[in-house]
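Please look over the sequence and the model shown here before reading on. The report that follows takes up a few residues and then the chain as a whole.

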Amino acid sequence: MATTTFKYNVRDKTGKVISGIDSAQEIAGVTVYHAGTALHEGRLVTNGGRLLGVTATGSSPPSPTRTTSRTRSARASGSIPRPSRR
């Protein structure tokens with residue numbers, strides 16, 4: 001699952017704090033990859049309006065008693081706040 005900043009292809013402001021990645025990665029099987037980011041004063045911030053890639057492992061084929069990779073990645077992606085669309 002890939003997420004981008006709003007208006008991805010338009011030059012975006014840099015330095016916006018990215019939060020929620022630690023919470024997302026607490027979900028079993030989830031890894032968050034990022035590009036166009038930087039560390040500023042110990043915090044992960046935007047640095048050019050790039051994307052986050054949320055990947056997960058899960059059961060295949062889907063089962064009512066098992067969590068699928070799609071479910072895990074969607075849940076993890078939902079724990080990463082997006083900036084408002086202003």
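## Glycine 58 and its loop

Glycine 58 sits in the loop that runs between β5 and α2, where helices (H or I, at least four residues) and strands (E, at least two) are DSSP runs numbered from the N terminus. This is a predicted model, in which local features need pLDDT of at least 70 and side-chain atom pairs count only at pLDDT 80 or more, while totals for chains, interfaces and linings use all residues. Residues are numbered from 1 along each chain as its sequence is written, and side-chain values use heavy atoms, with hydrogens and water left out.

Glycine 58 counts as partly exposed because its relative accessibility is 37%; buried means under 20% relative accessible area, exposed over 50%, and partly exposed in between, with a 1.4 Å probe and protein chains only. Leaving aside residues up to four places away in sequence, glycine 58 touches Thr67, Thr68, Ser69 and Arg72, a contact being heavy atoms within 4.5 Å. Between glycine 58 and arginine 70, twelve residues apart in sequence, the C-alpha to C-alpha distance is 7.8 Å.

## Arginine 72 and glycine 78 in helix α2

Arginine 72 belongs to helix α2, which covers residues 69-78. Arginine 72 is buried and yet has no salt bridge, the nearest side chain of opposite charge being that of glutamate 26, 14 Å away.

Glycine 78 and glycine 20 are 58 residues apart in sequence, and their C-alpha atoms are 9.0 Å apart in space.

Threonine 37 lies in strand β3, and its C-alpha atom is separated by 4.6 Å from that of asparagine 47, ten residues apart along the chain. Besides Asn47, threonine 37 touches Ile18, Leu44 and Val45, when residues up to four places away in sequence are not counted.

Glutamate 41 is placed in the loop between β3 (37-40) and β4 (43-46). Although glutamate 41 is not a glycine, it has a positive phi of about 55°, and at 72% relative accessibility it counts as exposed.

## The chain as a whole

The chain has two helices and five strands, which run β-α-β-β-β-β-α from the N terminus on. Of its 86 residues, 28% count as buried. The largest nonpolar core has eleven residues, among them Ile18, Ile27, Val30, Leu44 and Ile80, and α1 (21-25), β2 (30-34) and β5 (51-56) each supply at least two residues of this core. A nonpolar core is a set of buried Ala, Val, Leu, Ile, Met, Phe, Trp, Tyr and Cys residues joined through side-chain atoms within 4.5 Å.

## Confidence in the model

The mean pLDDT of the chain is 79, and 76% of its residues reach 70 or more; pLDDT is the predictor's confidence in each residue, from 0 to 100. Where pLDDT is low, the predicted coordinates should not be read in detail.

Conventions: Lys and Arg count as positive and Asp and Glu as negative; His and the chain ends are not counted. A salt bridge is a side-chain nitrogen of Lys or Arg within 4 Å of a carboxyl oxygen of Asp or Glu.
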